[in-house]
Every structure is written in C-alpha cells, then in structure tokens.
Protein chains: 2
Amino acid sequence: MNSKELYGNILRKRSFLCVGLDSDPSLFPAHLNSYENPIFEFNKAIIDATSQYAVAYKPNLAFYEAEGAKGWEQLEKTVEYIRRKDSSAFIIADAKRGDIGNTAGRYASAFFERMDFDAVTLAPYMGRDSVDPFLKFDNKWAVILALTSNPSATDFETMNIVLDDINAANTPLYRKVIETAMGWGTSDNIMFVAGATRPEKLGEIRKYCPNHFLLVPGVGTQGGTIAEVAKYGMNSQCGLLVNISRNIIFAGKGKDFDSVAAEKAKEAACEMASYLNF
Amino acid sequence: MNSKELYGNILRKRSFLCVGLDSDPSLFPAHLNSYENPIFEFNKAIIDATSQYAVAYKPNLAFYEAEGAKGWEQLEKTVEYIRRKDSSAFIIADAKRGDIGNTAGRYASAFFERMDFDAVTLAPYMGRDSVDPFLKFDNKWAVILALTSNPSATDFETMNIVLDDINAANTPLYRKVIETAMGWGTSDNIMFVAGATRPEKLGEIRKYCPNHFLLVPGVGTQGGTIAEVAKYGMNSQCGLLVNISRNIIFAGKGKDFDSVAAEKAKEAACEMASYLNF
C-alpha cells in the first residue's frame, strides 16, 4: 500500500484508528480459554467488531512469541484473517526489530514475504544497515521509532546530540533519527513512531517531517488523547495512525467483549472524524 | 547462571567461544533439506561438533522467525538440545528486543520461562523500561547493545551526546548507554554488546565497565580478530564471550559440515586458550 491509498482509506472510513492487537491471553474473557486457538479467536472477534472503524491493525509480536510456535501460528492466521475481512486494512508488525543487514533481511522476509504485513516497526539504534533491507520491498513500510510513549524515552531519545562542536549546535536524538532516516527512503516507505504522551513534542516532530505518516501509540491507558494528537500531529493529508490497544480490546471483560470493543472503536473513530476537515 | 559460574566454565573449557546459530536454510548442505526439521538437524550436528570448544550458543531469532511457527518450534528444540548436551552452556537469544514495560515483560517470559535461555540481547533506544522486566529473573541476563559491529553503527551509536552544556562536556552515545545501564543492574545480570570490528573502541569500553562481560560479535566474516578482541577487551576474569557464526557453522558446505565446524571451533578455542593466562 502506498501513502495515497492509505490516505484514501482514511477518508473513506473517516478514521485514522489503528487497533493494537496486544492479545494477552491472561486478560481474555474466561470462555475463550476453551478454544484451541484462543488468541486467534479473540483477534477474530475483535477484527469483526472493529473493522468498519479501523484503517489499521497492529499485532505486537511479544504477545504471540510468549506462546511459542502456537502463538506464531495464530499470528499468521490473524494476518490472513485481517486480509480476508478487509483487503484495505494496513497491517503493522509491532516487532521493534533492528539487526545487521544480513539478519535484517531475514526479518524483512519473515514479515513481508512469509506473512503479508504492510509495515514493521524498527529500532534505529544500529543505523541504516538495519533498516535498508525493509525498504527494498515495494509498497511496504519501515516504521522507525523516534520518540516513544514510555516514561524512559527520556533516558536516551531526548538527549541532545552534538551537531557542530564549534557553534555548539545540538539536537535531540529523536530529531536526529528522524532527519537522518528521512534520507534513507521516502514518505511512501518510511513512517515514524511518535508517542501521544508528549503532545507538544508531536508538534515539533510534525515540523521535522511534514509529509511522513506518524504512528502514534500511547492514547488511552498510557494517558495520551486523540484531541491532542490531532491538534499537534495532523498534516494536510491527515498523516496519522493513532493506535489504541487495551482501551479497545480489553474494555469489556465478559462474553460481550467484542461489542464493547466495537463501541470503543466507534467512539474513537467518531472523534477522529470530527478532526478530519478534508 | 551467574558470572562466577560462567567464568568457571571458561576456565574449565579454556575457551570463551560463543557459536552463533544463524541457521539460514538456504546455506545448508543439500542433504539436510530432506529432513522434516532441517534447522534443528543442522543445529544438532553443529552443537554435537562444537560443544567441547564452546561455552555459549547464540541463535539469532531472525533465522527462525523467517520459517514461521515451524522455525519457532525448531528454536525451542534447539534450546532444549543444548541444555541436554551440555548443562553448563550459556544460551543467548539474539533477539535485540526493546519495548515498553508491559510488552517487554511478555518477551522476558517468552525467553526465560517458556524457553530456557540464559540471556537476551536488547536494544537500549527506549531506555530503562524496556530492560527492567528482564532483570527481574534470577540468574538471567540482559545483553544490551552498546557499540555494534555493523558499518552503520556510526549513524547514531558513536555520535556525541551533550552531558553538560556549560562546560561543553560530551560523550559518545554508546558510552552513555553503558554508563546509564550499569545503574540498572549489576555485572551479574547485565552484559554489553561491543563489536570486534572497532578493536580500539573495545579498549575504551573495557575502561567504562571493567567488570562486565562483553558479548563480542564481528569476528570472521565481518573482519574482527580474536587476537585484537583479547588484547583490548579482556579483564582479569576474562569478561569476554566472542561470537563466531558463519565462519564456523558454514565453513563446510558438504556432508562433513559438522566436522569442518568442529575444526574451526577447535582452532578458535585453541587461540582463545593462549590468551587465558589464568
């Protein structure tokens, strides 16, 4: 999918919602545990309930890997199911991978060829080598961590980097990551992760990369709001995918968890629609 | 395993060799492809051939994930097989994970509880949250990327961070990572990744963390040498695990690939023994 198609889907659905499939079996409604593939059954119900409100889905790999081979199988089934249900859905592997070129190529093959993900989240620490192999695939995306939503993002991401010793010019690491990575690809194959928990920084990030999509986690449980993300992060073609995980998928605890999730997704999408003035 | 036990194993085997199980099926000798579990069969043969020379094994997850659920199963079987073959082996999941606390906990559970890894490699970009959950397990290790062996390590890792605006005091990001992460744990549950491809930097890193183990990739195909790593990286209790992957596991191309791997591992271990003056 390219950015024009993604923007088209946002306009059509009047939503820039990404549903995070952080599908932790210990939080599932009890009745699901009798199924052979509880994660897949849970995801299927959530996807059915939310697909009219969401333009993207983002399984976080940790929750699948914690279940071993069986979890991996259910991840593959989930990706296939999303594709069948809504061929226009943008599917992001929240993997936060980052490895030397030789190895990064294997990861790219796992996510883009073996499975039909549209995008993978990547950690920038190791530099360009670790991202390049993902950019070799047409219509696929590298989503690079810039400023994450967690409290300890301030340990390194916000530290100042020396740009120029003589003039003492500095810039925060996350900005340096964005500006460097913009040179590795285009706004049609690179997005950046920018957390909703620091909305004023989102406004700065929007200036550094006016045309790139931002994947924004941190709305809901972590404290960010859609209103602030829209205010600070939107560009003239929306340019946002706002992820909500727990506040949608685990909003209901009983057998009606899917209809509760639908309600929550609808609420989020309605609010998003109100900010889409195009 | 704690650092004393690991050091004991190094002394007993007179080796600080880690064999990297970057088991890429496209590079396997042809006869293995008729097996139901070619990766596991390959690993089993390599482990049998090298276990007397190696103190550690390091499967890189990318090569298993690229095969989907089947690859994940073979990873689990590989970890079990290493444990059965040599209960003293130190087993590292080369996963380079890094995610918010909630999610990092799931990864820790996958690697330390579901599978019996001793250690996991972690990317530091997101800060302490992403490492802490791994430090909650007794006798398990977080192996944090500091200065990696790939060419583009210079994109961010070696950039100078501003420590003090007034005095214009700077330090490279990889040093800041080491010095910050040392405060998160001890030399009994944190190691650092420091590549063999920049040996003079290895000497500096040794000064920053005199007591921590360093996991050193980049010997062989990437150009580093054991001699330089030992010269610059060793401390009074060795403090090194030197990883060799392709130069051991893919040294032989035919049916005798395992005996060729044994020869190469033996060669490396013999050289390592010559530097162990204790």
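Predicted model: local features only at pLDDT ≥ 70, side-chain atom pairs only at ≥ 80, totals over all residues.
Residues are numbered from 1 along each chain as its sequence is written, with chains lettered from A and ligands numbered from 1 in the order in which they are written.

Next comes the interface. Chain B puts 50 residues into the contact and chain A puts in 49, where two residues are in contact if their C-beta atoms, placed from the backbone, lie within 7 Å. Helices (H or I, at least four residues) and strands (E, at least two) are DSSP runs, numbered from the N terminus. H5(B) gives the most to this side, with seven residues. By class, the side has 21 nonpolar, 15 polar and 14 charged residues; Ala, Val, Leu, Ile, Met, Phe, Trp, Tyr, Cys and Pro count as nonpolar, Asp, Glu, Lys and Arg as charged, and the others, Gly among them, as polar. Since 98% of the interface residues of chain B are also interface residues in chain A, the copies meet through the same surface.

H8(B) also turns up in the burial figures. Seven of its nine residues are buried, so H8(B) is largely enclosed by the rest of the structure. A residue is buried if 20 or more other C-beta atoms lie within 10 Å of its own, exposed if 12 or fewer, and partly exposed in between, again with C-beta atoms placed from the backbone. The buried set in H8(B) takes in Arg175(B) and Lys176(B) along with Leu173(B), Tyr174(B), Val177(B), Ile178(B) and Ala181(B). In helix H10 (residues 226-233) of chain B, the buried residues are Ile226(B), Val229(B), Ala230(B), Tyr232(B) and Gly233(B). Their cover includes strand S8 (190-194), helix H9 (199-208), strand S9 (214-216), strand S10 (240-244) and H12 of chain B.

H12(B), residues 257-275, also carries Cys270(B). With 12 C-beta neighbours inside 10 Å, Cys270(B) counts as exposed. Its C-alpha atom is separated by 7.5 Å from that of Ser15(B), 255 residues apart along the chain.

Over in chain A, the axes of helix H2 (residues 38-50) and helix H12 (residues 257-275) come within 8 Å and cross at roughly 40°. The contact involves Ala45(A), Ile46(A), Asp48(A), Ala49(A) and Thr50(A) from H2(A), and Asp258(A), Ser259(A), Ala261(A), Ala262(A) and Ala265(A) from H12(A). Six of these residues are nonpolar, two polar and two charged.

Lys96(A), in strand S3 (residues 90-97) of chain A, has a phi near 50°, a positive value in a residue other than glycine. Lys96(A) is buried, with 28 other C-beta atoms within 10 Å. Cys238(A), not a glycine either, has a positive phi of about 70°. Cys238(A) sits in the loop between helix H10 (226-233) and strand S10 (240-244) of chain A, and is buried, with 22 other C-beta atoms within 10 Å.

Definitions and conventions: Axes fitted to C-alpha atoms, helices over the stretch in contact; angles between N-to-C directions.
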